[in-house]
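Reader: I would like to learn how to read salt bridges in a model. Please show me the general idea, then the case here.

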Amino acid sequence: VEPEWKLYEELRAENIPFKLKAAAPGTLSETELNWRAWFVVTDSLRFRYAGLAGFVCRTEHNQNSFPNVRGVIDRISAEPR
């Protein structure tokens with residue numbers, strides 16, 4: 001999926017370490033797949049492409065959405081290292 005590839009390439013370009021974790025396949029609707037890769041930045045910060053919702057960010061305490069790759073990169077940059 002193109003947005004996932006864009007995130008992958010942008011994380012590498014920004015030298016942000018991450019791991020990919022496979023999730024169980026499924027569907028959101030007849031025309032939209034439930035994307036199957038989590039981008040794990042830390043044990044408590046992960047992202048997944050969610051179709052029209054953009055990227056879902058899951059942390060230990062909550063879940064947010066970001067409309068595009070730039071939003072994901074900005075969110076990661078705000079994380080203390």
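Author: Start with the rule. A salt bridge is a side-chain nitrogen of Lys or Arg within 4 Å of a carboxyl oxygen of Asp or Glu. Side chains of opposite charge can pair when their charged atoms come close. This is a predicted model, where local features need pLDDT of at least 70, side-chain atom pairs count only at pLDDT 80 or more, and totals for chains, interfaces and linings use all residues. Residues are numbered from 1 along each chain as its sequence is written, and side-chain values use heavy atoms, without hydrogens and water.

Reader: How many salt bridges does the structure hold?

Author: There are 4. Among them, Glu 10 pairs with Arg 70, with 3.7 Å between the closest N and O atoms. That pair links distant parts of the chain, 60 residues apart: Glu 10 sits in helix H1 (residues 2–13) and Arg 70 in helix H2 (residues 69–78). Helices here are DSSP runs (H or I, at least four residues), numbered from the N terminus.

Reader: Where do Arg 70 and Asp 74 lie?

Author: Both are in helix H2, 4 residues apart, about one turn of the helix.

Reader: Is Arg 70 buried, exposed or partly exposed?

Author: Partly exposed, at 41% relative accessible area. Buried means under 20%, exposed over 50%, and partly exposed in between (1.4 Å probe, protein chains only). Asp 74, at 44%, is also partly exposed.

Reader: Which residue does Arg 75 pair with?

Author: Glu 79, with the closest N and O atoms 2.7 Å apart. Separately, shared partners join Glu 10, Arg 70 and Asp 74 into one salt-bridge network.

How values were computed: Helix = DSSP H or I, 4+ residues; strand = E, 2+ residues; numbered from the N terminus.
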